[in-house]
Amino acid sequence: MSGEQLKELCISLIQADTETDVIDLLKKAGYWDKREAWRFYGDYENNYSTIGTQQSRPDAALVEKLVNSVDARLMNECLMQGILPESPAAPQSIREAVALFFESAKKSESNHTGLIREWPDSMRTEIARGITLSATGATAIDGNLCFSISDCGEGQTPEAMPNTFLSLTKTNKMRIPFVQGKFNMGGTGVLRFCGKHNLQLILSRRNPDILKGKFSHPSDTQWGFTIIRREDPEGNRRSSVYTYLASVNAECDHGRGGVLRFDAKAMPIFPDGRNAYSRTSAWGTLIKRNVALADIVLVMSNGGDSRFPQILTLEGTLLSINKLPNLLLCSTALSVKNL
Ligand SMILES: Nc1ncnc2c1ncn2[C@@H]1O[C@H](COP(=O)(O)OP(=O)(O)OP(=O)(O)O)[C@@H](O)[C@H]1O
Ligand SMILES: [Mg+2]
């Protein structure tokens, strides 16, 4: 497929709100049944138990994604300032990072620095545009609700995706003090709650200003995308396995290909009003997942308090996102039909 065709496929996948639509698109493109084009998540076959034993609740699993977006935004600001995230020059706490990167304050000098609740509304709204959570598709009762989480954080290059989004044993954030991620698997927690085939779309582009013209691969400036799926036990394999679409050069190296990629100055990864995919970004990440029937009912935009987004779970519990430091760099946009 040409770059333009891949971009079109990617846009169709972004807009697809049912598993059937996603599978149809991948079948038409010749990927769904092409065995060698699917690579083991984390590059090991026995990945089902690791992925299946993350968060036991779907709302907590969803929050992991938002936490990742917050981490990615802080990483982006750090790298843009030319600071190595693992070096002593980097902020040593989340609050210090917020103060330094978003308030231009040197350290958390006073009781007020690095605290988003102290920000004026206009500033909070502006920064919150950098992480969004949108719901599309039918209602959860109809079984086809989807969530998309988008951010203009650091993003990852197509070649880095197998070692970041799609990995399970790396130490990406282990020595970075101002992010919340640590174990390289929290983001997989949602997979068990993602419909029948457990599909998830990831689209990402590394911020070109971080790369500063230093490329380790010619595709570093491209958008990369993939679909994750669960494959049922088959033959003498007794457990399911998670794989992702990685068809680039898979003919030569079965099951070890790269993710699909294409050139585009910007992609419509953010919502605008009731259109979930309309505001463009030149870099960043969009993750889209199906929600199973007995999953989260509704994400409330900001709950009663305009400052703090909340998630309403199936049991009716309100999970206040602001319990987690720094999740306030998140805005929500609802475009669920019939709600
Ligand atoms: N929104 C994002 N933007 C850029 N990179 C991301 C994003 N989300 C995840 N990643 C990459 O994918 C990796 C895996 O994410 P995951 O949440 O599984 O683990 P983690 O955040 O490293 O640690 P933890 O298990 O504690 O959450 C991250 O380390 C990061 O490199
Ligand atoms: Mg994480």
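How many helices and strands does the secondary structure of the chain come to? Seven helices and 14 strands, in what is a predicted model.

**View 1. The whole chain, before we zoom in.** Here are the seven helices and 14 strands in one go. The chain has 339 residues, and 45% of them count as buried. Take the contacts with a separation of 6 or more: 66% of them come from residues 24 or more positions apart.

**View 2. Strand E6, residues 241-245, and how it is enclosed.** Every one of its residues is on show here, and five of the five are buried, so E6 is largely enclosed by the rest of the structure. In a regular strand, side chains alternate between the two faces of the sheet. In E6, Val 241, Thr 243 and Leu 245 point one way, while Tyr 242 and Tyr 244 point the other way. Whichever way they point, all of these residues are buried.

**View 3. The strands that pair with E6: E1 and E5.** Strand E1, residues 38-40, runs antiparallel to E6 and is joined to it by three bridges. To find your way along this pairing, look for Phe 40, whose bridge partner in E6 is Thr 243. Strand E5, residues 223-231, also pairs with E6 in the antiparallel sense, here over four bridges. For this pairing, pick out Ile 228, which stands opposite Tyr 244 of E6.

**View 4. Thr 226, a residue of strand E5.** Is Thr 226 buried or exposed? It's buried: 28 other C-beta atoms lie within 10 Å, and 20 or more would be enough for that label. Leaving aside neighbours within four places in sequence, Thr 226 is in contact with Tyr 244, Leu 245 and Ala 246, and also with Met 161, Ile 202, Val 259 and Leu 260.

**View 5. The shell around ligand 1, with its 22 residues.** Which residues come nearest to ligand 1? Those are Asn 68, Ala 72, Gly 181, Gly 186 and Gly 187. By element, helix H4 (residues 58-80) gives the largest share of the shell, with four residues. By residue type, the shell divides into 13 polar, five charged and four nonpolar residues.

Key: Residues are numbered from 1 along each chain as its sequence is written. Chains are lettered from A and ligands numbered from 1 in the order in which they are written. This is a predicted model: local features need pLDDT of at least 70, side-chain atom pairs count only at pLDDT 80 or more; totals for chains, interfaces and linings use all residues. A residue is buried if 20 or more other C-beta atoms lie within 10 Å of its own, exposed if 12 or fewer, and partly exposed in between; C-beta atoms are placed from the backbone. Helices (H or I, at least four residues) and strands (E, at least two) are DSSP runs, numbered from the N terminus. Two strands pair if DSSP finds at least two bridges between them. A residue is near a molecule or strand if its C-beta atom, placed from the backbone, lies within 6 Å of it. Ala, Val, Leu, Ile, Met, Phe, Trp, Tyr, Cys and Pro count as nonpolar, Asp, Glu, Lys and Arg as charged, and the others, Gly among them, as polar. Two residues are in contact if their C-beta atoms, placed from the backbone, lie within 7 Å.
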